[in-house]
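Please read this short report with the sequence and the 3D view side by side.

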Amino acid sequence: GIHINRWAALGACCLLSIASGCGSLWGSYALYFKDRLEISQDMLDLSFIFFLIGSGFSILPGTIYDRIGSRVTLLVFGAFTFGPMLWLWLQCSYRVVIMNKITVALFGVQGVGVGGLFTVAFAPSLANFELNRGKVMGFLAALYSISGAFFSLIDDFIFPTRHNVFLFLFVFIAVGCLIAIFAINYDSERIENRISYLKMPADGDEAEALLENSPYHSSRVGLSMGSCSPTLIRAQLYPQTLPEKNSLQMMKTWDFWCFAFINFTFQGVSYFLLYQLGDILESEYDIDLARDQSDLLLITYSVANCVGALAFGILSDVLRQWPVPIWFIPSLQLCAIGHLVLVFSGAKGLFWGIALVALGNGIGLPIIPTLVCDLWGLKHFGTNFAFLGGASSLGGIVFGNLITGAFYHKYSYDGGNNCKGSSCFYWIFVICSVVSLFAIIPAIALWWRSRKLYR
């Protein structure tokens with residue numbers, strides 16, 4: 001295939017990361033869909049479930065990526081992502097309310113597409129930037145996070161009619177996928193022949209130069225930089241083959257189940273807050289104020305999420321000797337504190353609550369692809385990443401739909417379509433706080449079990 005510089009490939013991955021962030025607009029547009037398309041709360045909940053199942057359980061795009069490569073994955077699942085945007089633009093433009101069932105199904109299709117874009121955005125960058133995985137994953141996760149604010153601002157200040165943002169997203173995602181098809185070079189030989197080396201400590205810059213000039217590549221945890229002589233030492237290299245585990249082998253490990261529960265929790269409680277944002281606001285404010293506040297809070301979530309991803313992605317590289325799972329602990333703590341703020345203040349404390357939860361979620365986002373690669377390798381990254389993503393989706397469904405739906409219907413005044421008062425979401429905030437605190441236990445266990453890997 002055509003050889004493309006790894007920086008050009010990273011640029012294409014950045015476009016894909018921004019494009020896959022289109023799903024974060026859901027909470028901001030829930031009230032719009034209710035009004036414009038006359039979609040009931042039950043149908044919105046079903047759309048939310050379909051999207052989460054599609055984006056999380058993205059085993060099909062993950063398998064195609066592992067076996068065929070990035071270009072076919074982008075060709076197929078890029079269309080899955082931008083196609084539904086064109087449908088939404090047409091439906092909202094002409095207000096075709098009789099086809100809402102098709103719209104609900106297309107949210108699931110789009111979820112599968114977003115899962116495929118996410119995989120292609122992360123995997124090549126993990127292979128191309130082995131010494132700076134934390135920084136690169138943090139940067140890509142930050143772009144994914146800030147895309148919600150980016151699309152929301154475009155919606156507010158550029159398009160006079162709200163549904164035109166869907167046409168913009170259709171063009172943006174389609175062009176981004178087209179660029180990425182040509183720019184991302186999937187070097188399977190590099191991934192399948194990965195060998196780790198134990199190197200004598202050397203100066204950081206020279207050690208990296210030694211690595212780049214070597215026909216082999218660094219271990220998944222990179223070099224342990226010491227304070228020895230800056231003179232380049234031609235150290236002996238001791239090859240040690242790294243295990244490349246498939247999904248079945250991965251699921252037989254305790255590491256997977258600890259990781260899955262952490263993912264289930266910190267992603268699930270964040271999905272709940274993000275995708276139920278409109279309904280939380282509507283429960284305590286009138287609908288016009290709720291719409292205005294939802295855009296502001298979505299931007300707040302995006303910015304805080306971006307800051308957490310970028311800062312802690314860099315920090316994980318700087319503190320390379322610290323096991324990567326240790327960063328899940330502050331991530332879960334912030335998620336718990338954010339929901340506790342909402343327990344005591346309700347929708348009035350949404351700014352601080354959502355900022356804390358978004359910051360916690362941002363810390364965890366770049367850890368996921370890095371840790372999947374560190375623990376189980378890159379050869380089966382697509383499918384392994386998809387199974388971990390399934391835990392995230394399951395968390396979103398449990399917290400954002402099943403638990404939320406039960407309490408929302410219980411306190412609703414019209415059979416579940418609308419709910420007013422702080423009681424609508426009070427117990428959900430409590431449950432999210434408690435489960436986030438409990439998830440710190442498997443986070444500590446995963447950190448303890450991975451210490452040897454990062455020495």
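**Overall make-up**

This is a predicted model, in which local features need pLDDT of at least 70 and side-chain atom pairs count only at pLDDT 80 or more, while totals for chains, interfaces and linings use all residues. Residues are numbered from 1 along each chain as its sequence is written, and side-chain values use heavy atoms, with hydrogens and water left out.

The protein has 20 helices and 2 strands. Both are DSSP runs, numbered from the N terminus: helices are H or I with at least four residues, strands are E with at least two. The protein has 455 residues, and 58% of them count as buried. Buried means under 20% relative accessible area, exposed means over 50%, and partly exposed lies in between (1.4 Å probe, protein chains only). Now take contacts, meaning heavy atoms within 4.5 Å. Among those between residues at least 6 apart in sequence, 83% join residues at least 24 apart.

**Two helix pairs**

The table gives the packing of each pair. Axes are lines fitted to C-alpha atoms, for helices over the stretch in contact, and angles run from 0 to 180 degrees between N-to-C directions.

| Pair | Angle | Axis separation |
|---|---|---|
| α4 (residues 59-67) and α5 (residues 70-94) | about 150° | 7 Å |
| α3 (residues 41-56) and α18 (residues 381-411) | about 165° | 7 Å |

The α3 and α18 angle of about 165° makes α3 roughly antiparallel to α18. Helices α4 and α5 are roughly antiparallel to each other too. Angles under 35 degrees count as roughly parallel, over 145 as roughly antiparallel, 65 to 115 as roughly perpendicular and the rest as oblique.

Handedness comes next. A crossing is left-handed if the near helix is turned anticlockwise from the far one by less than a right angle, and right-handed if clockwise. The crossing of α4 and α5 is right-handed. The crossing of α3 and α18 is left-handed.

Which residues form these contacts? In α4, L60, P61, I64 and Y65 meet S70, V72, T73 and F77 of α5. That contact has 6 nonpolar residues, 2 polar and no charged. Here Ala, Val, Leu, Ile, Met, Phe, Trp, Tyr, Cys and Pro count as nonpolar, Asp, Glu, Lys and Arg as charged, and the others, Gly among them, as polar. In α3, the contact residues include D42, D45 and F48, and those of α18 include G389, G390 and Y408. The contact of α3 with α18 has 7 nonpolar, 10 polar and 2 charged residues.

Y65 sits in helix α4. Y65 is buried at 2% relative accessibility. Along the chain, Y65 and H380 are 315 residues apart, yet their C-alpha atoms are separated by 9.0 Å.

Q91 belongs to helix α5. Q91 is buried, with a relative accessible area of 2%. Leaving out residues up to four places away in sequence, Q91 touches L37, V96, M99, N100 and T103.

T370 lies in helix α17 (residues 367-376). Is T370 buried or exposed? T370 is buried, at 8% relative accessible area. A polar atom of the T370 side chain lies 2.9 Å from the backbone oxygen of P366. T370 also touches L126, R133 and M137, with residues up to four places away in sequence not counted.

A439 is in the loop between α19 (423-438) and α20 (440-449). A439 counts as buried, at 0% relative accessibility. Neighbours within four places in sequence aside, A439 is in contact with F261, I262, T265 and L332.

Terms used. A polar contact is a pair of N or O atoms within 3.5 Å; within protein, one must be able to donate a hydrogen and the other to accept it, and residues adjacent in sequence count only if both atoms are side-chain atoms.
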